[in-house]
Amino acid sequence: MIEILFYILSAVTLGSAFLTILSKNPIHSAIWLVICFFSIAGHYALLNSQFLAMVHIIVYSGAIMILMLFTIMLMNLNISDEIAKPIVTKIIATVCFCLIGFFLVSSLAQTAPALETYTQTGVDFQTIQVLGKVLLNEFVLPFEMAAILLLMAMIGAVLISKKEKKTA
Amino acid sequence: MEEAIIIEKSVIIVAVFAITMLFAMYCTLAERKIAAWIQDRRGPNRAGPGGMLQPLADGLKLFAKEEFMPNTPNTFLFVFGPFISMTMALMTSAVIPWGDTLEIGGRKVILQAADINVAMLYVFAVLSVSVYGIMIGGWASNNKYSLISAMRVASQMISYEIAMGLSIVAILMMHSSMSLREIAAGQHEMHWNIFYQPLGFFIFLICSFAETNRTPFDLAECEQELIGGYHTEYSSMRMGFFLFAEYAAMFISSTLLAVLYLGAYNYPGMTWAAENWGENTANIIGIAVLFGKICFFIFLYMWVRWTIPRFRYDQLMNLGWKTLIPLAILNIVVTAVVLLLNR
């Protein structure tokens with residue numbers, strides 16, 4: 001049952017990810033990306049991490065993608081507006097992507113043994129109660145650092161978007 | 001055992017779906033009747049006794065009307081918009097506890113489709129995604145007024161979601177749980193959250209109005225400025241779906257208000273009723289009480305609609321960002337201090 005769901009979700013994830021890249025219309029791309037995010041949240045739910053699944057939907061599908069769609073819709077981009085990029089840029093982009101892909105695959109291959117130990121112990125490690133305790137005890141410094149970083153980004157965004165007062 | 005759970009949950013899901021639809025249907029009638037009552041008119045009274053069959057007549061009319069298709073290259077998205085709106089409006093009902101347990105044939109039946117421990121986050125996830133229907137529909141209409149309306153809805157909903165989430169945090173701190181079932185159970189007898197969180201209740205109430213696009217926050221539907229709004233190009237049952245989704249969302253948000261702040265299915269004297277009349281009777285009264293509270297909030301929605309005029313857009317943004325969010329943060333701080341002192 002779970003295996004069938006996994007294959008369906010994976011097919012949706014990969015299909016929508018490819019369509020995100022292949023769509024000519026930027027808004028269609030964005031909508032495919034939203035579907036892709038949803039199926040990734042489904043993968044999290046299959047791994048029994050409900051918190052991560054919900055937060056993923058709230059942050060990515062709910063906030064980031066809506067703002068992105070918002071911008072694209074208001075800009076009203078057309079295919080004719082697109083700037084043709086030189087071939088060197090395309091090659092560099094492909095190489096960079098392959099490097100990142102290689103890095104991700106190799107780092108995920110490293111984590112496989114660690115995952116095995118988790119499934120064997122059967123300890124509850126992903127409900128919000130446990131996550132909260134871990135975040136505010138063991139990892140309180142990185143957690144607060146991330147909070148300060150986000151706050152700084154927010155203040156910066158407000159500062160940039162604020163209109164400058166005219167000096168009379 | 002396994003089959004029993006599947007049957008039980010299917011019955012609950014179908015019942016909740018049917019009740020939501022019925023409420024949304026009769027909300028359209030109630031809205032017109034209440035408007036008529038406030039403006040000293042009679043309201044619809046031709047179809048059936050007292051106009052009781054009016055929603056059916058409206059539905060029939062919507063189905064029978066011509067489906068007009070605007071000149072748009074995005075036919076699929078245009079058709080898909082209303083359906084996203086409708087689905088998202090109905091999805092929240094999955095985690096709402098409609099009552100305490102009922103004992104049927106020696107089995108304890110929990111009156112809730114899914115009791116997940118991140119129910120509150122689920123509600124927010126659905127809320128934040130529900131704007132897609134209007135956004136996609138408004139954009140695919142290929143009409144600049146529809147697009148402006150869709151943009152208004154999106155920015156309004158994003159702004160008010162923040163204050164809404166912050167007002168909920170205080171409740172999560174009080175109950176130390178995200179499960180709606182535990183939040184409901186924690187408000188037994190008269191320990192309703194509204195008495196402990198009056199400020200949070202008001203913030204949540206205002207944000208609920210904004211999230212459902214009801215007056216005074218219905219800037220998405222300005223006849224004077226935008227001809228109609230995001231549904232200008234829609235006709236027939238697709239238009240009906242958008243309107244229906246609005247009423248379904250109103251029902252669900254009334255339910256959330258009742259569950260989070262007005263004690264869900266709890267009522268004073270519930271333990272007494274359980275001791276004297278049996279658990280089942282007490283819990284059935286509880287379901288009736290919950291629906292009574294929901295009806296009260298639906299009435300409040302309509303009452304406000306015919307009382308308060310629309311905001312201007314900058315006033316709406318100022319209220320959301322400069323008043324409600326600071327107040328919600330203040331509410332969290334005060335709650336935290338009180339909880340710490342009472343420990």
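Author: UniProt annotations may be inferred rather than shown by experiment, and their positions follow the numbering used here. The model itself is predicted.

Reader: Which residues of chain A does the UniProt annotation "transmembrane region" cover?

Author: The annotation comes from an unreviewed UniProt entry.

Reader: Now the interface. How much area do chain B and chain A bury between them, and what share lies on carbon and sulfur atoms?

Author: The contact takes 24 residues from chain A and 23 residues from chain B. The area buried between the two chains is about 2,000 Å². The share on carbon and sulfur atoms is 80%.

Reader: In chain B, which residues lose the most area to chain A?

Author: Three residues together make up 27% of what the chain B side buries. They are Tyr132(B), Trp139(B) and Met151(B).

Reader: How many salt bridges and how many residue pairs in polar contact link chain B and chain A?

Author: The salt-bridge count between the chains is zero. For polar contacts, both partners are at pLDDT 80 or more. The number of residue pairs in polar contact is two.

Reader: Which helix gives the most to the side of chain B that touches chain A?

Author: Helices α4 (119-129), α5 (131-140) and α6 (144-175) of chain B each supply at least two residues of that side. The top contributor gives six residues. It is α4(B).

Reader: How do the residues on that side of chain B divide into nonpolar, polar and charged?

Author: The side of chain B that touches chain A has no charged residues. The rest are five polar and 18 nonpolar.

Reader: How many residues of α5(B) are buried, and what do the buried residues pack against?

Author: In α5(B), 10 of its 10 residues are buried. Among them are Tyr132(B) and Trp139(B). The buried residues pack against α3 (75-91), α4, α6 and α11 (236-260) of chain B, and against α2 (26-46) and α3 (50-75) of chain A.

Reader: What is the phi of Asn142(B), the residue noted after α5(B)?

Author: Most residues other than glycine have a negative phi. Asn142(B) follows α5(B) and has a positive phi, near 60 degrees.

Reader: Ser176(B) and Asn213(B) also have positive phi. Is each one buried or exposed?

Author: Ser176(B) has phi near 40 degrees and lies in the loop between α6 and α7 (180-185) of chain B. Asn213(B) has phi of about 60 degrees and lies in the loop between α9 (198-211) and α10 (223-226) of chain B. The cut-offs are under 20% for buried and over 50% for exposed. So Ser176(B), at 58%, is exposed, and Asn213(B), at 5%, is buried.

Reader: Which backbone oxygen does the side chain of Ser167(B) reach?

Author: Ser167(B) is in helix α6 of chain B. Its relative accessible area is 0%, so Ser167(B) counts as buried. Beyond its neighbours within four places in sequence, Ser167(B) is in contact with Gly200(B), Ile203(B), Phe204(B), Tyr261(B) and Ala328(B). At 2.8 Å, its side chain reaches the backbone oxygen of Met164(B).

Notes: Residues are numbered from 1 along each chain as its sequence is written. Chains are lettered from A and ligands numbered from 1 in the order in which they are written. This is a predicted model: local features need pLDDT of at least 70, side-chain atom pairs count only at pLDDT 80 or more; totals for chains, interfaces and linings use all residues. Side-chain values use heavy atoms; hydrogens and water are left out. Contact means heavy atoms within 4.5 Å. Buried area is the accessible area (1.4 Å probe) that two parts lose on being put together, summed over both. A salt bridge is a side-chain nitrogen of Lys or Arg within 4 Å of a carboxyl oxygen of Asp or Glu. A polar contact is a pair of N or O atoms within 3.5 Å; within protein, one must be able to donate a hydrogen and the other to accept it, and residues adjacent in sequence count only if both atoms are side-chain atoms. Helices (H or I, at least four residues) and strands (E, at least two) are DSSP runs, numbered from the N terminus. Ala, Val, Leu, Ile, Met, Phe, Trp, Tyr, Cys and Pro count as nonpolar, Asp, Glu, Lys and Arg as charged, and the others, Gly among them, as polar. Buried means under 20% relative accessible area, exposed over 50%, partly exposed in between (1.4 Å probe, protein chains only).
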